[in-house]
Amino acid sequence: MAAVSGGFQRARRRKLQAFRAVVFILAGLFFLVPILAMLEFSTRAGNTFTSPRTGQFWRQIFDYPDLVAAITASLELAAITSAVMLVLLVPTMVWVRLRLPGLSRIVEFICLLPLTIPAIVLVVGFFPMYLWMGNNFSDNILTLAFAYVILVLPYCYRAIDAGLGAIDVKTLTEAARSLGASWFTVMWRVIVPNVSAAILNATLLSVALVLGEYTIANNLLYNNLQVEIAMLGRANAGVSIAVAVASLLFAFLLLVGLAFVGRKRPRQQEVLVKTYARDLAGKTV
Amino acid sequence: MKLGSLSRRLGVAVVAFVLLAACGSAPSGNSSSACSESTAKTATSASACGGMSALVAAANAEGKLNVIALPPDWANYGAIISGFQAKYPSIKITSDNPNGSSQDEVDAVTHLGTSSRAPDVLDIGMAVALANTSLFAPYKVATWGDILDSQKEPTGLWFQDYGGFMSIGYDSSKVPGGTISSVDDLMGSGFKGKVALNGDPTKANAALNGVMMINLAKGGSLDDISKGVDFFHQLRQAKNFVPIQATTATVKNGTTPVVLDWDYLSAAHGKDVSTWKVFVPSNAILGGYYAQAVSKTAPHPAAARLWEEYLYSDEGQNLWLKGLARPVRQAAMQQSGKIDAAAAAALPPVNGTPVFLSADQATAAKTYLSTHWAAAIA
Amino acid sequence: MLGGRRLRLDWVGTVPFLAYVGVFLFVPTVIIAVGAFLDDGGSFSLSNFAGLFQSDVVTATVNTVLLSAVTAVIGAVLGALLAYAIATGNPDGVFRRAVVSASGVLAQFGGVTLAFAFIATIGPAGFVYLFAQQHGLDFYANGYWIYDLRGLALVYLYFQIPLMVLVFLPALDGIKPQWREAAESLGGRTWHYWRYVAGPLLLPSFLGATLLLFANSFSAYATANALINQGNPVLAQQISGFISSEVGLHKPGLANAIALEMIAIVVVATVLYSLLQRRSSRWLQ
């Protein structure tokens, strides 16, 4: 029996590995080849594939002074938006799951609404409040975070919902509460470590959206990263594609960095949760 | 005795007159109130604001200028912005919405007009200018007299700045025969998948004029754009006309080797493609000018007016000329000899009398397009 | 009495979220909705809704719904396969983090640059097309499909698939290997495992993610506008035309009305999704 199931396991694993290889090769071709095409175009000295290579368009990116201020502003916006989104969304979604399940469809629809309205017309709705904010509160580009939190809601809701759906929120909460944990402890030390992958994905989506956002910032007359990239891109064709590829690379490196930071703690947190529960109950969990 | 009292009275009168004159001129001698914030907001010319130096001082005090929809590769605006910044280093220019349309500019003023980020000055197409004069503040630049009456609004609400002619720009190494000599060439089989417009004619001014130019070349008139729409329908059936948005990148990489656009915008492709040529059909010389306007709610009114003065100075006009656009003071500058002769010689050649779309003709064209364009190129 | 008090307390937990969304989402939506009922002169009118039945708006509606449905379903299936390939790998490995980060970046990549990336690859001057042409295969022998809705659907998949990966991966992470073992120990094969164990557990997240992909594609503007710049075939382009037209077809009221129409269509899609969720959970019991 063991020998049969062992062989069966190996065959299944081989099939799985073959499946993964095929999927990754096809996905790699589909997603990387167009980017390589852009890279090739941005390094052309002439106008064909056979022309010599040049780095002049890439160098032009670093000569553009307004880009630094725009990058800083966009990074700050990404951080603020992600933080506010997580603080707003995760506790609310857990709470709705636990105590107000009838509200979940409504919350789901609210979190889909920003994606339904195209940004070009959504910004029309933002004009009056941003005008008021600019004249009475602050004119700073960081006020865009208010709008950006709304924009990332659809993506982040979906990612976090998938994570929450995969764990048994009710049982975990009840166990922790019966051990005497406060609501804050339940959220921070019980729920969050168990949905860390979902939270990471939501953060990645949120950061990527803020770094890639153009329309709302542009129409509210703020010059964020994408608006400055559009301005720089109007100088010539080569630099317009070079800066687009550079922006993708920049976002990618940032997200990889985040992914490394995000993953480290859950291991420790899981141990902490178990230790805490054990200490409280006076027995091993 | 009589002479003495007369001279005494004269003396008193002279002294009184001098005193009155001195009192009357004292406020204008004080430059800080000559071009204050409130004066600049309603100043209709530099002299109304205490003269050029007072205007410059007020603009420097404001320290900022917001412009909108002025991408660097449009009629050499990149050089114009740097030129202004070099001449007035204390004024920082913020350039917003590089890809915006004229309507977007006006929308920014309408919706965010009282914000400190609102645009100070506008560079817009004639249709939008005529429809939105309530948003503009009248201003007459120092060289106002050089602009023809037909190219400006009498009180200074808007005034034309530069223009060009609708053209067919093409990469001579990618079209059969290496040259386009008439609009009908575009129907040739060697043009499959190669012809593009700069925008959708129901949306963009340049595209509407592109269709009108074809219309005129095919025997149509300024009042009726149907022949142009029919030609594009045939081009689409022949698979020669493609709906992709033509950008500098698609031109350089050869995807859109034939683009209908203003000659000054088209000529800029020559930077990327050495074999780029610009063709204006001799039987369809369709011209179009853009217009400047100062926003009534400009957050930096003195800087806005100084910008206009710069644009209409010889230096500003010549920079537009370098961008291969025809500045509105071109004729006057040619007479005064201040024109940049080399740049003028580099302009795409045009032989014939240009025609311009009037406001009513543009309205008729857009009405026809709104009901027929989408179906024609489907 | 006690239950009533508890219910009121429960609502407090959702107040921060509802308040934020109330100010920054509902107010703009109401502004847009009110704008739909104003004609060009600013007085109350229903003429904008008559404009919804113009032939080009109707065509755009049909185009957009079809395009969104197709790219949502195909994107969901392919994205789920890719997510499965990722989930079955080392959860802490560099490869997974890199792929997830890349998905984050690509999920938000779009617009003129994405269109150009495809043009540079399989467009009439793209190297894949030219290479194939040299070897006798002409993609565009029967027309330039890259410039119509078929080409647009292909380009849309470029961001739909990574989006699916990011929002569905947390659900896949929740699959415990013990379930597979349990299914097998009961004599079940792969088909049974998916049909009776993993499938029903993953279906809610899968359907929710598909709905997100639908809304994402439905409101997308910049990519469609770059590839098919003539005729405004997609609803978001119709809106943009009525907002930004500089030749006199500026109709902001109609733009707002189309936005309301888009919200209505997504409401219908959400209702269908809810029904499907409920139905499928019953079928799969």
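Modeller: One definition before we start: contact means heavy atoms within 4.5 Å. Helices (H or I, at least four residues) and strands (E, at least two) are DSSP runs, numbered from the N terminus.

Biologist: Okay, and what kind of model is this?

Modeller: This is a predicted model, where local features need pLDDT of at least 70 and side-chain atom pairs count only at pLDDT 80 or more, while totals for chains, interfaces and linings use all residues. Residues are numbered from 1 along each chain as its sequence is written, chains are lettered from A and ligands numbered from 1 in the order in which they are written, and side-chain values use heavy atoms, with hydrogens and water left out.

Biologist: Let's do chain B. How many helices and strands does chain B have?

Modeller: Chain B has 16 helices and 11 strands. Its C-alpha atoms fill a box of roughly 105 × 40 × 40 Å along the principal axes.

Biologist: How much of chain B counts as buried?

Modeller: 57% of its 378 residues. Buried is under 20% relative accessible area, exposed is over 50%, and partly exposed is in between (1.4 Å probe, protein chains only).

Biologist: Pick a helix. How many residues does α9 of chain B have?

Modeller: α9(B) covers residues 226-237, so to speak a run of 12 residues, and reaches 17 Å from its first C-alpha to its last. That is close to the 16 Å expected at 1.5 Å a residue. The expected span is 1.5 Å times one less than the number of residues.

Biologist: Which residues in α9(B) are buried?

Modeller: B:S226, B:G228, B:V229, B:F231, B:F232 and B:L235.

Biologist: And what covers the buried residues of α9(B)?

Modeller: The cover includes β6 (195-197), α8 (205-217), β7 (258-262) and α16 (359-376) of chain B. After the helix you reach B:K239, with a positive phi near 65 degrees.

Biologist: Why mention a positive phi?

Modeller: Most residues other than glycine have a negative phi. B:L324 is another one to look at, with phi near 70 degrees. B:L324 sits in the loop between α13 (314-322) and β10 (326-327) of chain B.

Biologist: Is B:L324 buried or exposed?

Modeller: B:L324 counts as buried because its relative accessible area is 17%.

Biologist: New topic. Where is B:T256?

Modeller: In the loop between α10 (248-252) and β7 of chain B. B:T256 is buried because its relative accessibility is 0%.

Biologist: What does B:T256 touch?

Modeller: Skipping residues up to four places away in sequence, B:T256 touches B:K194, B:A196, B:I244, B:A246, B:T250, B:V251 and B:W276.

Biologist: Now chain C. How many helices and strands are in chain C?

Modeller: Chain C has 13 helices and zero strands. Its C-alpha trace spans about 80 × 70 × 35 Å along the principal axes, and 55% of its 285 residues count as buried.

Biologist: Show me a loop there. Where does C:S45 lie?

Modeller: C:S45 lies between α2 (15-36) and α3 (47-51) of chain C. C:S45 counts as buried because its relative accessible area is 12%. A polar contact of 2.7 Å joins the side chains of C:S45 and C:S47.

Biologist: And what is phi of C:N232?

Modeller: Near 45 degrees, a positive value in a residue other than glycine. C:N232 lies in the loop between α11 (222-227) and α12 (235-244) of chain C. C:N232 counts as buried because its relative accessibility is 8%.

How values were computed. Polar contact = N/O pair within 3.5 Å; in protein donor to acceptor, adjacent residues only side chain to side chain.
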